[in-house]
Amino acid sequence: MGAKDSNLMEKVISLCKRRGFIYPGSEIYGGLSGIYDYGPLGTELRHNIKQYFWNKFIAEREDVYGMSAAILMPARVWEASGHTELFTDPLVECKICHERIRADQPEAIADHEAGHKKEKVEWTEPVKFNLLVETKLGASEKSKIDVNLRGEITQGVHVNFKNVLDSMHPKIPFGIGQIGKAFRNEITPRDFLFRQREFEQMELQFYVEPKEEEGNKWFEYWKQFAWDWYLGLGFKKESLRLRQHASDERAHYAKDAWDIEFNTPMGWKEAWGIHHRADWDLKRHSEYSNVDLSYFDEERKDRFIPWDIECSGGVDRAVLFVLLEAYTEDELGGEPRTYLKLAKNIAPVRAAVFPLLKNKPELVKKAREVYESLKLEARTKSLAPIVFDDNGNIGKRYRRQDEIGTPYCITIDFDTLDPSTSSGQETVTVRDRDSGEQKRVKISDLKVSII
Ligand code: GAP
């Protein structure tokens with residue numbers, strides 16, 4: 001099965017709900033369009049993706065700092081960043097039912113027109129609609145101030161540029177990365193996690209000296225880095241592509257922009273952006289805040305506003321694309337099965353431990369021992385959880401784990417209890433999710449086999 005199966009999205013949405021990955025937000029109250037809640041397994045999957053980002057873009061590097069800025073920011077920040085004026089989508093209104101839709105989304109327009117069956121739909125002229133979510137802070141009407149929920153997590157980094165300089169004394173080039181929620185009043189949220197109103201981003205702002213960047217050295221470096229990182233989520237090379245934005249497609253802050261795109265059932269769609277933001281943000285914040293956001297190079301005795309090379313990815317979009325890529329239907333042992341072919345570094349469960357039979361206390365006792373020791377190992381190595389399952393027959397237990405993408409199932413059977421069957425060593429079976437093959441492994445080697 002490829003990503004082009006026309007029912008793939010529906011199958012993934014259904015699996016997500018059924019198996020505790022993702023639910024519609026506040027569902028028992030009728031839900032909110034473009035808002036989703038993560039269940040137990042979705043939370044683990046999302047956590048693993050974020051951890052992989054944090055490790056590779058921040059923790060393992062000497063030239064990048066991590067930070068975590070607030071979601072609420074004064075409206076003035078967004079005037080400075082250009083979002084108040086320019087962060088807009090074109091909106092049209094159906095003259096029959098007054099529903100508002102994005103003018104630049106032909107699928108949404110076609111769906112809407114089809115809903116009116118034989119009636120001829122007429123649309124209003126497009127108007128610009130600003131995507132920033134507004135709210136107010138303060139206890140009394142008089143003292144209330146306008147604030148925005150951040151439309152991108154980026155500005156939290158730029159407004160702290162001087163704080164990081166003054167407290168950490170970094171040498172250019174250096175980066176600041178963070179992960180956090182962003183909010184956009186999307187006109188037509190659609191396609192499950194693809195276009196939401198509340199979502200999470202993982203970003204790096206990498207500050208470079210303009211003269212050094214004339215040949216696009218760091219821009220090319222981060223494009224490649226982001227590409228390799230995205231592939232590491234478990235994608236086949238042919239499922240992804242890199243595409244440069246045309247000049248009329250670029251965001252207001254970008255001098256150059258490339259997207260990593262994924263081949264979804266809705267066509268090629270943006271997964272990740274690499275933007276050359278030049279000095280747009282720091283210059284504008286210097287002007288609007290009256291705080292000098294330049295960098296002084298001590299060695300060269302040179303003062304300048306750095307350029308910013310940005311890597312920006314959606315966490316939820318990565319979750320969705322990983323699930324679309326991993327969803328597989330095949331036949332195993334003559335039976336149809338559904339499984340998630342997830343990369344083992346992001347699977348929500350690392351391994352499942354089973355006693356072959358639930359009603360044999362000696363098997364259950366040994367299985368519990370194995371489970372406890374692996375659980376401890378997984379915790380110390382910050383891996384996804386190990387689970388214990390003795391419910392139902394062994395075939396069903398395998399299928400349940402396959403469906404959530406667990407890479408390994410470990411079964412404690414009667415041979416485990418009788419070391420004479422394997423040259424005096426206690427062994428268990430380890431089943432591989434993708435091939436369904438089982439091999440006998442010494443308990444003393446288990447940690448190495450699955451970790
Ligand atoms: N700081 C740059 C920035 O925000 P963007 O291309 O608007 O750039 C970056 O967003 C990433 O955030 C996108 O590549 C996408 O993965 C994710 N994203 C953007 N809007 C989204 C939405 N409405 N729902 C889910 N993810 C979204």
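Helices (DSSP runs of H or I, at least four residues) and strands (runs of E, at least two) are numbered from the N terminus. You're looking at a predicted model, where local features need pLDDT of at least 70 and side-chain atom pairs count only at pLDDT 80 or more, while totals for chains, interfaces and linings use all residues. Residues are numbered from 1 along each chain as its sequence is written, and side-chain values use heavy atoms, with hydrogens and water left out.

Let's start at the ligand. A shell of 23 residues surrounds the ligand, with E152, T154, E203, E270 and E310 the closest; a residue is near if one of its heavy atoms lies within 4 Å. Strands β11, β14 and β17 each give at least two residues to this shell, and β14 has the largest share, 6 residues.

The side chain of E152 has an N or O atom 2.6 Å from a ligand nitrogen. Ligand oxygen atoms come in too: one is 2.9 Å from a polar backbone atom of G314, and a polar side-chain atom of Y253 sits 3.5 Å from a ligand oxygen.

Next, the nonpolar core: buried Ala, Val, Leu, Ile, Met, Phe, Trp, Tyr and Cys residues joined through side-chain atoms within 4.5 Å, where buried means under 20% relative accessible area (1.4 Å probe, protein chains only). The largest one has 63 residues, and F21, I49, F57, W229, Y230, L233 and W272 touch the most other members. Apart from this core lies another, of 20 residues, including V364 and Y408.

Note on methods:
Buried means under 20% relative accessible area, exposed over 50%, partly exposed in between (1.4 Å probe, protein chains only). A polar contact is a pair of N or O atoms within 3.5 Å; within protein, one must be able to donate a hydrogen and the other to accept it, and residues adjacent in sequence count only if both atoms are side-chain atoms.
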